[in-house]
Structure formats: structure tokens, C-alpha cells
Amino acid sequence: MKYAVLQTGGKQYKVSEGSEIEVDKIEAEAGSDLKFDKVLLLAQDGVFQLGRPHLEGVLISAKVVEQKKGKKIRVAKFKAKARYRNVTGHRQHLTKLQITKISGTDSKKTESKPAKQEKSSKSKVK
């Protein structure tokens, strides 16, 4: 299974080819193609590439499915004994993306190594 972790809008998303994600609004028309180069991790068949902070030469291609608004949230403010009540709402602007291709360099593959296990030292108490 091939997947990657990309960064956009200050958030990180785990994506694979064909998956759909909702990210903070990106100025792009529906149906247009985008490329993301801020890729933090690329995994394929148990082989991982980890960027510090980003991977060089790895691109994620995505297609903009639609621009939409998220679910409405209710924000209530209340102060006891002061007759103060205020209720407002908020709907976040989102962009729905479909990941079309994850392309990367195969020259810098590093296999994942299991974490080191500490040796337990048995001490005899007399």
C-alpha cells in the first residue's frame, strides 16, 4: 500500500491514491489540478522515506472536486448573573480534493528499522 503525509494549510493529512480529503480553502476552480510539494512522509511496501522537514522530488497531484462550506458550529457565550447571552455560528470554507497520483524518487529509500529494545538487567538483591 502506498501512502503519503502532506502538509497544507498548517495541517497534515494522510493520503493515498484515489482518496478524497477536505482541506482549508484553496483558491482554485472546481476541476482544476493541484500539485503539493510539502510531503513529510512517503511509504510504499514497508519502505519509508522521511523528510527533514520535507522530501525533495516528491509530488502529490490532486484534482479539485468542489468548493464548499463545512458543518455549522454553534458558539455560545454566557455570563452568569449578568443577563448576558450571545449565540453565533460559523461555517468553515473547505476545498474537497481527490488525490490522483503520488510520485516520488526511488533513489533515497530507507527501510524502517524496529525500535531498539532495552536489555533488562537482572540484579540480585541480597
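User: What makes two strands of this predicted model count as paired?

Analyst: Two strands pair if DSSP finds at least two bridges between them. Strands β3 (residues 20–24) and β10 (residues 93–103) are joined by 5 bridges and run antiparallel; the cut-off is at least two, so they count as a pair. Within this pairing, Val-23 stands opposite Thr-95 of β10.

User: Why is Val-64 called buried?

Analyst: Val-64, a residue of strand β7, has 1% relative accessibility. Buried means under 20%, so Val-64 counts as buried.

User: Which residues does Val-64 touch, beyond those up to four places away in sequence?

Analyst: Val-64 touches Ala-28, Glu-29, Ala-30, Gly-31, Ser-32, Leu-34, Thr-95, Lys-96 and Leu-97. One of these, Glu-29, is 35 residues from Val-64 in sequence, with 7.1 Å between their C-alpha atoms.

User: What makes a group of residues a nonpolar core, and where is the largest one?

Analyst: A nonpolar core consists of buried residues of listed types, such as Val, Leu, Ile and Phe, joined through side-chain atoms within 4.5 Å. The largest has 20 residues, and Val-15, Phe-36, Ile-60 and Leu-97 have the most contacts inside it. Strands giving two or more residues to this core are β1 (2–8), β2 (11–16), β3, β4 (33–36), β5 (39–44), β7 and β10. Apart from it lies another core, of 5 residues, including Val-5 and Leu-40.

Conventions. Residues are numbered from 1 along each chain as its sequence is written. This is a predicted model: local features need pLDDT of at least 70, side-chain atom pairs count only at pLDDT 80 or more; totals for chains, interfaces and linings use all residues. Side-chain values use heavy atoms; hydrogens and water are left out. Helices (H or I, at least four residues) and strands (E, at least two) are DSSP runs, numbered from the N terminus. Buried means under 20% relative accessible area, exposed over 50%, partly exposed in between (1.4 Å probe, protein chains only). Contact means heavy atoms within 4.5 Å.
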